[in-house]
Amino acid sequence: MREKPRAVYYCRVSTDDENQATSIVNQKEESIKVIEDNHWQLMDGYVDEGRSGTTTKRREEYNRLFKDMEGDKFDIIVIKSQDRLMRNTKEWYFFIDKLVQNNKKLYFYLERKFYSPDDALITGIKAILAEDYSRSLSKNINNAHRKRQETGSNVIITSKTWGYDKVDRQVVINDKEAEMVRFIYEMAAQNNGSRTIAKMLQDNGYYNHEGNKIAEQTVRRIVRNPLYKGTAVMNILHKNFETKKTERNNKDKWIYHDNIVPAIVSEELWNKANKLMDARSDVLITEDFKTKIIGSKKNSNPLTSKIVCGLCGSTFWRSTSVAGKTNKVYWSCKEYVQRGRKTKNNRSPKGKTESKYEAANAGCDNIHLKEEDLDSFIYDLSQKVYTKSKEDIYSVASAILKQVISDTSEIEQQEKAFACELEKLKSSRENLLDRYLDNKIEDDIYHIKDTKWKERIAELEDLCYGLAVKKNSISEKKDRIEELENEIKTITDYDMSVVNLKTHIEKIEVYPDYMIVHFDIFGNVKVEVKKINYRKKEFHICL
């Protein structure tokens, strides 16, 4: 027989400032003294510091206590008062239910009494009042926060805010960083995109706080932020008591304060840079002035993301170069655009110091491609592809169609089998739940079986999704083959030849002296590249 009842204590404070640190020490000392005075055996202590009582999330010690109630570690839980344990009505009842089911006792040392089922009503009312108090406190805090922002008494900047520092609660200009911010706006006002500006920053020796290349996203965020023309936007976020999350307010609740901080750029320059950025693409501006591109120009070219560097694996980027009165469109390796050549050549500026990226073996030496050269060899290729005898094309199409029909039949059989198994498993889970609710099976048996079946159902649903994707891909391939006859009939001029064949290209691998073009149904074609000079190249198709 056990000589002494075994006891543990739970303590909590909602913040971790100095006063609350003293409070948590006092709670621990008082709890231990209560256990000693009652001649109970101290088994453990659970302490949550800086944790709200309105939720059990992130309260690691509370959750450990909740789990330990299932075992035989202790008999009594000692707490100062009900609100130290919980300020959430629903969670309070969950805790009491767990307490009673596992035959544990709860002792409130301020009241010097144990919890009793007779106290259910009064403790429930206390839980409701405690939750209501926390809700009211949250509203007051949000209201005070909004009032402060209405007066503009405290402009908040983060460590990611370029161009400004916080000195004695005042926002002041950081001259060194402000120089970079002005450069960004001036380049944006000349209709340069964020990618180009990021490259310009690197070329002019501007790097981020970690010494790395400044990201395009950072450039866009700076251009979009009205802080740089002296306008602070406040009341963007608020804390939702019910969801316990920080949420974004509607734009009509945002508070704008003009000329509240010293401007780094003029309003005219800010407006011009943003207007040009708007013209390049439609954007969604987030709460911290990042931009999410949703514009119509995204992926508008049929070869976007399809041209891949054979040397480093990066994609080729499309850019326009102004030469005299004409614009030339080029495709270049992303690694080259961002970091330059991997090795210097005789065209590199003399005396230029080695970049920090070369030390990291970055950059790329691959060739650049003129879009007019690409279109020219694609046209030549289309003439060879589309002038093949119809008999050859139809023969290939017929063989592919037979394989498509076979693959589709096999997929449909698998889909039927998986659907049958899914239906059985879902029915079994429902029956299992009914038996569990009728107390016909134990908790552990229910949870083991339910978890096992739930995992299998998720696995089957993933397999069914994969089959649907595969089936859709096969269907698309079938449609493409059936469209081929119509394509052959409509290929009558240069533009139609190029446009149609581009839709069949899946990938173009580029190397310094050759390319491999991967088609969806025509197979792969090798194209030799002969460099005449720096700007001119010849292409020879190998069929």
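The legends below describe close-up views of a predicted model. Local features need pLDDT of at least 70 and side-chain atom pairs count only at pLDDT 80 or more, while totals for chains, interfaces and linings use all residues. Residues are numbered from 1 along each chain as its sequence is written, and side-chain values use heavy atoms, with hydrogens and water left out.

**View 1. The open sheet that contains β1 to β5.**
Five strands form this sheet in the order β2-β1-β3-β4-β5, with mixed pairing. Strands are DSSP runs of E with at least two residues, and helices are runs of H or I with at least four, numbered from the N terminus. Two strands pair if DSSP finds at least two bridges between them. β2 (41–48) and β5 each have a single partner strand, so one side of each is left without a neighbour in the sheet. β1 (residues 6–12) runs parallel to β2 and is joined to β2 by 7 bridges. Within this pair, Y9 stands opposite G45 of β2.

**View 2. Strands β3, β4 and β5.**
β3 (residues 76–79) pairs with β4 (residues 105–108) in the parallel sense, over 4 bridges. I79 has F108 of β4 as its bridge partner. On β5 (residues 113–114), the pairing with β4 is antiparallel and covers 2 bridges. F108 has K113 of β5 as its bridge partner. The hairpin of β4 and β5 has 4 residues between the strands, and R112 takes a positive phi near 55° there.

**View 3. Helix α6 and its crossing with helix α7.**
α6 (residues 175–188) has 14 residues and reaches 20 Å from its first C-alpha to its last, close to the 20 Å expected at 1.5 Å a residue. The expected span is 1.5 Å times one less than the number of residues. Buried residues of α6 (under 20% relative accessible area, with a 1.4 Å probe and protein chains only) include M180, V181, F183 and I184. The axes of α6 and α7 (residues 194–203) come within 10 Å and cross at roughly 140°. That makes α6 oblique to α7, oblique being what remains when angles under 35 degrees count as roughly parallel, over 145 as roughly antiparallel and 65 to 115 as roughly perpendicular. Axes are lines fitted to C-alpha atoms, for helices over the stretch in contact, and angles run from 0 to 180 degrees between N-to-C directions. The crossing is right-handed, meaning that the near helix is turned clockwise from the far one by less than a right angle.

**View 4. Helix α8.**
α8 (residues 216–224) is mostly covered, with 7 of its 9 residues buried. Among them are T218, V219 and I222, together with R220, R221 and R224.

**View 5. The open sheet from β14 to β21.**
The order of its 5 strands is β14-β18-β19-β20-β21, and the pairing is mixed. At the edges stand β14 (307–309) and β21 (537–542), each with a single partner strand. On average, neighbouring strands of this sheet are turned by 25° against each other, direction ignored. β18 (residues 505–510) and β19 (residues 514–519) run antiparallel and are joined by 5 bridges. E509 stands opposite I516 in β19.

**View 6. The cysteine C312.**
The structure holds 0 disulfides, a disulfide being a pair of cysteine sulfur atoms within 2.5 Å. For C312, the nearest cysteine sulfur is that of C333, 3.5 Å away. C312 has a relative accessible area of 36% and is partly exposed, a class that lies between buried (under 20%) and exposed (over 50%).
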